[in-house]
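Let's walk through this one together, a piece at a time. Have the viewer open and follow along.

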Amino acid sequence: MILVFEDNKDLAFLMKRLISSVLGKACIVCSKEEEAENEVFSGNIDLIISDLNIYGKNEGIDFIKKIRKIMPFTCPPIIVYTGLSPSSREFAEAERISNIIYEKGETSIVELCS
């Protein structure tokens, strides 16, 4: 199952429809950090797609930090996106976290879902 952590209802609906129809995967959308954490900790999530800026705060970054700290070796792969400028502090923080955690490489979303 794929988890989408997104606060914009329209975008969340669109992403869920695309994931279900294009990738043929079950998808759950969460807009609250605690709800998203509970889903990840249930062990049923294969991939996380998360916005960085949830409700104008860094909840996406906080969510990723928390689950990576609690599940350092078993956390599902995470795809992060944002509408923030690449020159913003939040964007730089997410990139820093990604560089520490993940080995650089190219993998398609379809491969991640397989």
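Which residue forms a salt bridge with Glu-37? That's Lys-66, with the closest N and O atoms 3.1 Å apart. A salt bridge here is a side-chain nitrogen of Lys or Arg within 4 Å of a carboxyl oxygen of Asp or Glu, and by this rule the count comes to one. Lys-66 sits in helix H3 (residues 59-70) and Glu-37 in helix H2 (residues 33-41), so the pair ties together parts that are 29 residues apart in sequence. Helices are DSSP runs of H or I, at least four residues, numbered from the N terminus.

A quick word on the ground rules. This is a predicted model, where local features need pLDDT of at least 70 and side-chain atom pairs count only at pLDDT 80 or more, while totals for chains, interfaces and linings use all residues. Residues are numbered from 1 along each chain as its sequence is written, and side-chain values use heavy atoms, leaving out hydrogens and water.

Back to that pair: Glu-37 is buried at 7% relative accessibility, whereas Lys-66 is partly exposed at 37% (buried means under 20% relative accessible area, exposed over 50%, partly exposed in between, with a 1.4 Å probe and protein chains only).

Now look at Phe-41, also in helix H2. Phe-41 is partly exposed at 34%. Leaving aside residues up to four places away in sequence, Phe-41 touches Ile-67, Ile-70 and Met-71, contact meaning heavy atoms within 4.5 Å. Phe-41 and Ile-70 are 9.2 Å apart, C-alpha to C-alpha.

Leu-18 is partly exposed, at 46%.

How values were computed:
Helices (H or I, at least four residues) and strands (E, at least two) are DSSP runs, numbered from the N terminus.
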